[in-house]
Amino acid sequence: LQEAVRLALSRSPGLEAAKARVDAARGRQHVAGQWANPELEIATEDWPLGGGGFAHAKQTLGLAQTLPYPGKKKLDRRIGGTDVRIRQAELGGRRSELVREVKTAFVRALAAERKFVLTGDLSKLAEAGAKAARQRVEAGDASPHDQLRAEIEWEQTRTEEAASRRARDQAVATLCQWVGQPARPGIVLQGSLEELGEPVAQSCRPETWLAGHPEVLAARLEVEQAELEEKRAALEPYPDPRVRLAGGRVGESDESVLELSLALPLPLFDRSQGRRQEAAARSVAARAELAAVEQRLVREWTEASQEFHSALEQAARYRDRILPRAEEALRLVGDGYAAGKFGFLELVDARRTAAGSRLVFQQKLLDSAEARVRLESFLPAPASPESPTPRQP
């Protein structure tokens with residue numbers, strides 16, 4: 001599992017895209033903090049039309065600079081920095097989502113592998129039963145009907161084994177897609193659903209992880225950014241003056257001149273009412289979205305926690321009570337069938353009961369493992385369990 005997660009994190013194009021969006025936000029932050037470039041002005045004025053030409057005109061060379069109203073660029077830089085942190089939180093969320101998907105695919109592949117093994121064992125038992133029934137018919141100890149039922153049972157288990165093989169191959173292929181590797185025969189998965197379903201620490205409750213969850217961090221930063229944009233919109237009606245300083249000479253007198261000018265935009269038509277209204281509405285929406293995100297995460301945590309403990313309890317019940325009884329019943333019926341005390345129908349029923357119990361047990365283990373993966377995805381630093389030696393029930 002740890003290797004699968006490592007491969008996925010190192011090869012995910014989604015993570016690369018998220019990292020690139022962080023870099024793009026840093027670029028926007030840099031641009032937001034810069035003043036507008038100064039303008040170089042070369043001017044020729046009072047060019048006499050009656051004669052004299054260019055030498056008798058006034059010639060000036062100057063610079064013009066737009067000066068932002070105090071506080072505007074500071075807020076622009078803060079807004080840009082908040083956007084960078086939002087993209088970083090989204091990167092953390094994408095990473096957490098990827099780890100959750102890889103772990104889910106891994107436990108599903110483990111379950112599919114175990115189901116394939118169980119159906120294979122059942123097929124072998126059915127094959128042995130069909131051979132035994134044929135021998136008893138040949139010896140005159142059973143009717144041809146028993147042999148026919150045994151052969152049908154064998155064919156059914158072979159069909160189930162083939163279906164479970166395809167499901168196993170598909171689950172492994174899905175896992176390979178998540179880790180960025182081509183599916184190939186011979187891939188071995190190390191782990192046990194029982195170990196992956198161990199209880200999550202009770203201290204990992206929403207109050208311990210909610211504030212640090214990537215989605216909550218992003219939503220809180222959206223609120224902060226909206227508040228900054230609201231302040232920025234309040235400064236928008238104040239104009240940015242344009243200052244010009246130029247020097248030159250007057251053509252006929254060859255006198256030196258110095259010019260200073262100030263241009264001030266007049267907010268007559270656009271007073272930024274629309275931008276301020278938009279910023280205020282975005283601030284309200286961001287706060288509501290933060291509350292909605294927190295409520296959704298707590299709800300999802302509660303559902304996953306309930307599913308986890310329910311599946312864990314049911315798996316324990318199967319492991320400790322149902323499976324031992326089903327195996328004992330199968331042993332007794334098998335011995336009785338060999339001694340002629342039970343018919344083939346009783347043997348088939350006992351096999352089906354035992355096999356069905358084992359499959360349900362594996363499904364409960366899968367349910368608990370998937371719920372645990374969902375619970376771990378809420379934590380700031382999800383722990384990757386060790387790869388234990390499989391323990392058979």
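The side chain of Glu259 makes a polar contact with the side chain of Arg244 at 3.1 Å, a polar contact being a pair of N or O atoms within 3.5 Å in which, within protein, one must be able to donate a hydrogen and the other to accept it, with residues adjacent in sequence counted only if both atoms are side-chain atoms. The model is predicted, so local features need pLDDT of at least 70 and side-chain atom pairs count only at pLDDT 80 or more, while totals for chains, interfaces and linings use all residues. Residues are numbered from 1 along each chain as its sequence is written, and side-chain values use heavy atoms, with hydrogens and water left out.

Glu259 sits in strand S4, residues 256-263; strands (E, at least two residues) and helices (H or I, at least four) are DSSP runs numbered from the N terminus. With a relative accessible area of 18%, Glu259 is buried, where buried means under 20% relative accessible area, exposed over 50% and partly exposed in between, for a 1.4 Å probe and protein chains only. Not counting residues up to four places away in sequence, Glu259 touches Glu45, Lys58, Thr60, Arg244, Leu245 and Ala246, contact meaning heavy atoms within 4.5 Å.

Leaving out residues up to four places away in sequence, the contacts of Thr60 are Glu41, Ile42, Ala43, Arg244, Ala246, Gly247, Gly248, Val257 and Glu259.

Charged pairs come next. Side chains of opposite charge can pair when their charged atoms come close. The structure holds 40 salt bridges, each defined as a side-chain nitrogen of Lys or Arg within 4 Å of a carboxyl oxygen of Asp or Glu. In one of them Lys58 pairs with Glu259, and the closest N and O atoms are 3.0 Å apart. This pair links distant parts of the chain, with Lys58 in strand S2 (residues 58-66) and Glu259 in strand S4, 201 residues apart. Lys58 is buried, with a relative accessible area of 16%, and Glu259 is buried as well, at 18%.

A further salt bridge joins Lys72 to Asp240, with 3.1 Å between the closest N and O atoms. Lys72 lies in helix H3 and Asp240 in the loop between helix H7 (214-235) and strand S3 (242-249), so the pair ties together parts that are 168 residues apart in sequence. Lys72 counts as buried at 3% relative accessibility, whereas Asp240 is partly exposed, with a relative accessible area of 26%.

Arg275 forms a salt bridge with Glu236, and here the closest N and O atoms are 3.0 Å apart. Again distant parts of the chain are linked: Arg275 is in helix H8 and Glu236 in the loop between H7 and S3, 39 residues apart. Arg275 counts as partly exposed at 38% relative accessibility, and Glu236 counts as partly exposed at 28%. Through shared partners, salt bridges join Glu39, Glu41, Glu45, Lys58, Arg242, Arg244 and Glu259 into one network.

Turning to the nonpolar residues, the largest nonpolar core has 30 residues, of which Val102, Leu175, Val179 and Leu193 touch the most other members. Such a core is a set of buried Ala, Val, Leu, Ile, Met, Phe, Trp, Tyr and Cys residues joined through side-chain atoms within 4.5 Å. Helices H1 (2-11), H3 (72-138), H4 (144-179), H8 (273-338) and H9 (344-378) each supply at least two residues of this core, and H3 gives the most, with ten residues. Leaving aside neighbours within four places in sequence, Val102 is in contact with Ala4, Val5, Ala8, Leu175, Trp178 and Val179. Apart from this core lies another, of 18 residues, among them Ala286, Phe308, Ala371 and Leu375.

On the surface, Leu40, Ile42, Leu61 and Leu63 form a nonpolar patch with about 460 Å² of accessible area together. Patches are made of residues with over 30% relative accessible area and no salt bridge, with like charges joined within 9 Å and nonpolar side chains (Val, Leu, Ile, Met, Phe, Trp, Tyr) within 5 Å; accessible areas come from the Shrake-Rupley method with a 1.4 Å probe, and for residues only the protein chains shown count as cover. Strand S1 (39-45) and S2 each supply at least two residues of the nonpolar patch. Ile42, found in strand S1, counts as exposed at 70% relative accessibility.
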